[in-house]
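Open your viewer and keep the sequence panel beside it. We will go from stop to stop, selecting as we go.

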Amino acid sequence: MDVLKYADTTGEKLVLMVIAVLLFVVVMGLVLFATDKIKRLPAWAVATAFLAPAVLGLAFGLVWPALETIKKSFYDRSGNEFVGVDNYVKAVTQDEFQIVLRNTAVWVVVVPLAATAIGLVYAVLVDRSRFEKFAKVLVFLPMSISMVGASIIWRFVYEYRPVLEGVPAENQPAQIGLMNQMLVWFGLEPQQFLISPPLNTFFLIVVMIWIQAGFAMTVLSAAIKAIPDDIVEAATLDGLGGLRMFRYITVPSIQPALVVVITTIAMGTLKVFDIVRTMTGGNFETSVAAFEFYRQSFVQRNTGMGSALAVILFILVTPLVVYNVRQMRKSEENR
Amino acid sequence: MSAVSTEATIDRKAKLTRLEKRAIATKGKLSSPWASFAAIVIAALWTIPTLGLFITSFRPEADIVSSGWWTWFSNPNVTTENYDLVLNGSSTNLATYFVNSFVITIPSVLIPISLALLAAYAFAWIPFRGRNLLFVAVFALQVVPLQIALIPLLTTYVKWGLNGTFWTVWLSHSIFALPLAIFLLHNFMKEIPSSLVEAARVDGAGHVKIFFQVMMPLLVPAIASFAIFQFLWVWNDLLVALTFAGGTANVAPLTVRVAELAGTRGTEWHLLSAGAFVAIVVPLIVFLSLQRYFVRGLLAGSVKG
């Protein structure tokens with residue numbers, strides 16, 4: 001059976017992939033064939049056949065592990081000794097974890113607001129302009145790039161070359177990162193943007209804003225286009241224009257979409273760990289809950305603490321999701 | 001008949017002029033130099049970082065370390081050596097990881113969509129007891145952040161001797177995608193007029209037939225948009241791959257390897273820049289060519305209506 005487990009060469013991998021897909025197709029095909037051919041099958045039996053794979057998968061892959069993790073969060077690092085709420089107490093009292101929670105709070109406030117604001121402003125600015133499509137693609141494009149890729153792109157922007165002591169300015173090594181070169185052009189000292197807290201957290205946050213603004217722009221742009229023409233027309237007749245149109249007509253009209261965008265980005269932000277891992281490895285006081293979960297679980301081998309952080313994440317995400325769903329229901333009813 | 005169509009034309013004309021008016025109003029707004037300036041600044045900030053790394057990936061190593069990428073415009077040396085090195089060089093070998101990404105992604109897109117289609121159909125069109133309750137339960141699972149499921153799943157996979165194989169990655173990605181996929185596809189299926197389904201039923205079609213012959217053709221756009229989503233999400237994923245695939249050349253996808261390079265060779269920009277673009281190019285192609293569906297899915301998923 002090892003043949004089916006491990007693949008070394010490209011050919012083997014592709015064959016394995018085809019086998020996996022075929023296996024799946026055959027099993028599903030059999031289920032469907034059986035439900036179709038057996039006459040007078042009651043509705044519940046068909047429903048079971050259709051639902052069973054998904055429901056079993058979810059029970060195995062999400063429900064049971066989540067319960068297990070909640071349990072583990074009350075145990076020590078090896079998972080053997082019950083320690084009550086110790087892990088949670090540590091998470092809120094110890095300095096290193098307080099920094100993590102503080103950073104998480106900063107991320108979840110700054111990223112959604114900034115990304116949404118930029119996305120909204122840009123959507124309004126390019127709306128119905130001649131280059132609208134192209135302009136939108138430029139800002140939307142980072143959405144398709146992995147966070148690892150985006151992190152590398154921005155690490156290059158922040159790249160720092162040390163300043164040599166006692167060497168005249170014209171003989172200093174050239175800065176190859178754009179930000180530091182700009183500083184040099186303005187006659188300032190180049191900085192190590194990713195090293196010094198607390199500002200380095202904001203330089204990481206920039207990456208997430210850069211990725212998410214396109215999402216905000218796309219959704220909000222659709223909402224702006226859906227504002228009824230007569231409202232805009234009436235406002236124009238009343239002499240509203242420019243900023244006041246934006247403030248009194250555009251923003252109130254798209255409020256439900258704004259809420260959905262902000263909460264969606266906030267949910268994504270809470271779970272972000274790739275950016276922190278790739279940019280700083282969580283060092284220099286830049287860690288956030290989702291990354292600290294990973295570090296505690298898989299690097300420090302502290303399962304109890306890792307689980308507690310995962311549960312904290314869960315607790316933080318839940319109200320956002322619930323609120324988001326409520327808003328969605330509301331706008332659906334209003335339709 | 002003709003009266004109706006004339007009315008429609010008039011209506012359309014009125015609408016057109018309204019649109020035109022609005023376009024004129026917008027033009028007035030955009031002619032403000034500050035507004036145009038702001039738009040250009042944002043567009044530049046969103047484009048230049050990527051452009052800089054892209055140019056760097058084609059510059060010779062000696063140039064990269066001695067001058068910024070913007071000097072390339074006055075000294076345009078171009079080489080593909082970085083790509084050759086990063087794809088085939090024994091220490092980076094991204095070509096292998098590229099295959100892994102591909103092998104991981106295809107089943108991880110196909111399987112959850114098929115499962116979700118079946119489940120969504122059952123929730124939308126087969127009446128059974130406890131249907132609403134179960135649907136809400138599945139929907140609620142969107143709350144669960146992946147992090148909370150990883151450790152127990154890993155323990156199980158290790159127990160089964162499956163860790164570090166494609167199977168665990170396929171299985172995990174498929175399961176994690178289900179709540180959202182079922183929810184979205186269910187919404188689309190609900191919107192199909194019941195008269196269509198009734199008609200098929202009168203013709204003697206069973207659920208399987210209705211599923212394949214009535215639902216599927218109408219759902220193609222919805223399936224496409226979710227497939228793009230899932231594709232980008234799986235291709236760009238780091239967390240799941242890192243946890244279940246490990247870092248071996250046999251299973252680990254591009255994201256894992258590129259992130260590793262960033263850690264160990266963080267200053268070798270000739271490798272990092274080319275590596276980043278090897279990882280970016282496929283999602284970029286998918287995104288640019290299927291953008292319409294992607295946006296449609298985005299709008300269906302976040303703002304209903």
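## Stop one: aromatic rings

Over all chains, the count comes to 37 aromatic pairs. This is a predicted model.

Select Trp154(A) and Tyr158(A). Their ring centres are 5.8 Å apart and their planes stand at 50 degrees, so this pair is tilted. Planes under 30 degrees apart would count as stacked, and over 60 as edge-to-face.

Where do Trp154(A) and Tyr158(A) lie? Both are in helix α7 of chain A, residues 147-158. They are four residues apart, about one turn of the helix.

Trp154(A) has 7% relative accessibility, so it counts as buried. Tyr158(A) has 4%, so it is buried too.

Now select Phe193(A) and Phe203(A). The centres of these rings are 4.8 Å apart. Their planes are at 65 degrees, so the pair is edge-to-face.

Color α8 (178-185) and α9 (199-225) of chain A. Phe193(A) sits in the loop between them, while Phe203(A) is in helix α9. The pair therefore ties together parts that are ten residues apart in sequence. Phe193(A) is buried, at a relative accessible area of 9%. Phe203(A) is buried as well, at 18%.

Ring pairs link Trp154(A), Tyr158(A), Phe193(A), Phe203(A) and Trp210(A) into a cluster.

## Stop two: a covered helix

Select residues 289-299 of chain A, which form helix α14. How many of its eleven residues are buried? Ten are, and the helix is mostly covered. The buried residues include Phe291(A), Phe293(A) and Phe298(A). Glu292(A) and Arg295(A) are also among them.

Step just past the end of α14(A). There, Arg301(A) takes a positive phi of about 55 degrees.

## Stop three: where the chains meet

Show chain A and chain B together. In contact are 114 residues of chain B and 112 residues of chain A.

The size of an interface is often given as the accessible area lost when the parts come together. Between chain B and chain A, the buried area is about 10200 Å². Carbon and sulfur atoms give 78% of that area.

Look for charges that pair up across the interface: the count between chain B and chain A is zero salt bridges. Twelve residue pairs, however, are in polar contact across it.

Finish on helix α5 of chain B, residues 94-125. With 16 residues, α5 gives the largest share of the side of chain B that touches chain A. By class, that side has 82 nonpolar, 26 polar and six charged residues.

Methods. Residues are numbered from 1 along each chain as its sequence is written. Chains are lettered from A and ligands numbered from 1 in the order in which they are written. This is a predicted model: local features need pLDDT of at least 70, side-chain atom pairs count only at pLDDT 80 or more; totals for chains, interfaces and linings use all residues. Side-chain values use heavy atoms; hydrogens and water are left out. Contact means heavy atoms within 4.5 Å. Buried area is the accessible area (1.4 Å probe) that two parts lose on being put together, summed over both. A salt bridge is a side-chain nitrogen of Lys or Arg within 4 Å of a carboxyl oxygen of Asp or Glu. A polar contact is a pair of N or O atoms within 3.5 Å; within protein, one must be able to donate a hydrogen and the other to accept it, and residues adjacent in sequence count only if both atoms are side-chain atoms. Helices (H or I, at least four residues) and strands (E, at least two) are DSSP runs, numbered from the N terminus. Ala, Val, Leu, Ile, Met, Phe, Trp, Tyr, Cys and Pro count as nonpolar, Asp, Glu, Lys and Arg as charged, and the others, Gly among them, as polar. Buried means under 20% relative accessible area, exposed over 50%, partly exposed in between (1.4 Å probe, protein chains only). Rings of Phe, Tyr and Trp (its six-membered ring) pair if their centres lie within 6.5 Å; planes under 30 degrees apart count as stacked, over 60 as edge-to-face and the rest as tilted.
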